[in-house]
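Keep the 3D view open as you read.

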Amino acid sequence: MSDTAIQRFLMAGTFAVAGASTNREKYGNKVFRALLKAGRDVFPLNPAQDEIEGHRAYPKIDALPTRPDALSIITPPPVTRLVVADAIAAGVRHIWMQPGAEDDQASQAAREAGLDVIDDCSCILVLLARAS
């Protein structure tokens, strides 16, 4: 991971969180709330939920009202592959696979498509906590 990739990710205008959860104990909820608390424009992605933390949840990236610039992924690796394929098709520029979501095949596909990828087990919650 490079500090430059993290800076580009954090400077994005619009974010989405794949794997956002209604359960406040789950990582997907914590990441979504941390981005909200940091003042980011962020959309929750979860096909099984209609609303997360008072925000409309969306099943997939292509259902969002606008294309996110950055995507935080908190899903099992097989799902990560599907999410990354959707992100590439939608034109997302920055992807951060949170610890446990990493998938070599998805990382390679994203890099080959020209996306910035953070997939080194670094945690967005740690960086957002430092920034606040």
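Start with R24, which is partly exposed at 44% relative accessibility (buried means under 20% relative accessible area, exposed over 50%, partly exposed in between, with a 1.4 Å probe and protein chains only). This is a predicted model, where local features need pLDDT of at least 70, side-chain atom pairs count only at pLDDT 80 or more, and totals for chains, interfaces and linings use all residues. Residues are numbered from 1 along each chain as its sequence is written, and side-chain values use heavy atoms, leaving out hydrogens and water.

Side chains of opposite charge can pair when their charged atoms come close. The side chain of R24 forms a salt bridge with that of E53 (2.9 Å, N to O). A salt bridge is a side-chain nitrogen of Lys or Arg within 4 Å of a carboxyl oxygen of Asp or Glu. E53 is partly exposed too, at 29%.

How many salt bridges does a search of the whole structure find? It finds six. Another one of them joins the side chains of D116 and R8 (2.6 Å, N to O). This pair links distant parts of the chain, 108 residues apart: D116 is in strand 7 and R8 in helix 1 (residues 3–10). Helices (H or I, at least four residues) and strands (E, at least two) are DSSP runs, numbered from the N terminus. R8 is partly exposed, at 36%.

Stay with D116. Its side chain also makes a polar contact with the side chain of H94 (2.9 Å). Such a contact is a pair of N or O atoms within 3.5 Å; within protein, one must be able to donate a hydrogen and the other to accept it, and residues adjacent in sequence count only if both atoms are side-chain atoms.
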